[in-house]
Amino acid sequence: MPRVDSEVGPLRAVLLHRPGAELKRLTPRNNDQLLFDSIPWVDRAQEEHDAFAETLGTRNVEVLLLADALVTALSDERAHAAAADTAVDRRRVGHELADALGSHLSTMDNEELADVLMAGMTFEELPAAEGASLVRKMHHPNDFVVDPLPNLLFTRDSSVWIGNRVAIASLAMPARNRETALLDLIYAYHPRFRAAGRAYGAHSAPVEGGDVLLLAPGVLAIGVGERTTPAGAESLARSAFADGLAHTVLAVPIAQDRATMHLDTVCTMVARDAVVMYPAVRDTLVAYPLRPGERDGVRVTGPVPFLEAAADAMDIDRLRVIDTGLDPVTAEREQWDDGNNTLAVAPGVVVAYERNVETNARLEDAGIEVLRIGGSELGSGRGGPRCMSCPIVREPL
């Protein structure tokens, strides 16, 4: 059964998405809107991702690919019907074209439909007989009637397991809204996940998985910034308390900008008592501890220094900090290049981008084993190994 109680327990199964045709939809005209900093070389991105998956495999981690899971889920007729509906934005394409598009999608087989759901569809690719509407006539043939989802690569953001329940994220950016519908389908209809309970729903206040750290069993840290709102953090805390998944949630304000879009861009766990952290925030990061209150309420205290609050909630003397970089300039460069965004495959063993030379050296000096992977193309969407992975099963610490 899926279960994840920490960031560093031995990793046994993970959900990844191998980059595919959706990345080939990126152009200089749309990459900003679709949240990419540059146009990736797709073949190289796939090679880098394959090497990432292979590295996990060498550590006995089962890799489940999102595309395969989606095709399996779509074999259920109810999922197939629902999927066709989620791909159609009636407000944008109008009722006439929406009906024609939905009808066309419903005739596709599971693989074809999965491809459209992930890579999108242009007006030119929609058969001419389907919907001769004003919307169609006034759009360029290469405009999208179904938008592509290039950020599917970052499976950590769209869902996160807390204990034996899955939280479907409520993604803040319009370019990512439809991702949660695909994860909803997978978790509802894939045989592996059908019995799993939900910890959070995609229609709730914005929460993204990159902001959620499972510091220890029963202890969550939730970044509040560009993507996760205070209402989202509080809602997830209430849900976690009600389900008995946590006794303490730390709401951690972070700067609302692209360099620090999620908490895991400035801090990730590398051992049961250690984090790698961007030194520029080390002394200023604070937390608002949330604990269960009376009558299903939430009791809020703070703000208090994050490192102190984390150690107290985790019931340890202190949380060891390994700094990103070597000096302020190197630290800023390597933070931007996802030096803090490591994926632990076991306590004291992490996957990291090879380009963050100084940060990786600091990790090794602190006794952390670093499994290096290439990420020159994968990183063009601003995400590292943790962003690209949704742990499904971790062994208890």
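The accessible surface of the protein chain comes to about 16,100 Å², by the Shrake-Rupley method with a 1.4 Å probe. Carbon and sulfur atoms account for 49% of that surface. This is a predicted model, where local features need pLDDT of at least 70, side-chain atom pairs count only at pLDDT 80 or more, and totals for chains, interfaces and linings use all residues. Residues are numbered from 1 along each chain as its sequence is written, and side-chain values use heavy atoms, with hydrogens and water left out.

**Overall make-up**

- The protein chain has 13 helices and 20 strands. These are DSSP runs, numbered from the N terminus: helices are H or I with at least four residues, strands are E with at least two.
- Buried residues make up 58% of the 397 residues. Buried means under 20% relative accessible area, exposed over 50%, and partly exposed in between (1.4 Å probe, protein chains only).
- Of the contacts between residues at least 6 apart in sequence, 71% join residues at least 24 apart. A contact means heavy atoms within 4.5 Å.

**Sheet E17-E18-E19**

- Three strands form an open sheet in the order E17-E18-E19, with mixed pairing. Strands pair if DSSP finds at least two bridges between them.
- Strand E17 (343-346) and strand E19 (369-373) are the edge strands, and each pairs on one side only.
- Neighbouring strands of this sheet are turned by 30° against each other on average, direction ignored.
- E17 and strand E18 (residues 349-353) run antiparallel and are joined by three bridges. Leu343 has Val351 in E18 as its bridge partner.
- Helix H13 (residues 357-365) lies across E18 and E19, at about 155° to E19. Axes are lines fitted to C-alpha atoms, for helices over the stretch in contact, and angles run from 0 to 180 degrees between N-to-C directions.

**Helix H5 (residues 110-119)**

- Leu113, Ala114, Val116, Leu117, Met118 and Ala119 are buried in H5.
- Their cover includes helix H2 (66-74), helix H3 (77-86), helix H4 (90-106) and helix H8 (179-189). Strands E3 (121-122) and E4 (144-146) are also included.
- At the start of H5, a side-chain oxygen of Asp109 comes to within 3.2 Å of the backbone nitrogen of Glu111.

- Ser158 sits in helix H7 (residues 155-158). Ser158 is buried, at 2% relative accessibility. Beyond four places in sequence, Ser158 touches residues including Ala167, Ile168, Glu179 and Leu183.
- His190 lies in the loop between H8 and strand E7 (197-200). His190 is buried, at 11% relative accessibility. Neighbours within four places aside, His190 contacts Ala69, Thr72, Ala73 and Leu185.

**Salt bridges**

- The whole structure holds 18 salt bridges. Each needs a side-chain nitrogen of Lys or Arg within 4 Å of a carboxyl oxygen of Asp or Glu.
- Asp50 forms a salt bridge with Arg18, with the closest N and O atoms 2.8 Å apart. The pair links distant parts of the chain, 32 residues apart: Asp50 is in helix H1 (residues 42-58), Arg18 in the loop between strand E1 (11-16) and H1.
- Arg192 and Glu62 meet in a salt bridge (2.7 Å, N to O). This pair is 130 residues apart, with Arg192 in the loop between H8 and E7 and Glu62 in strand E2 (residues 62-65).
- Asp76 and Arg78 also meet in a salt bridge (2.9 Å, N to O). Asp76 is buried at 14%, whereas Arg78 is exposed at 53% relative accessibility.
- Glu7, Arg156, Asp264 and Arg386 are linked in a salt-bridge network.

Definitions and conventions:
Polar contact = N/O pair within 3.5 Å; in protein donor to acceptor, adjacent residues only side chain to side chain.
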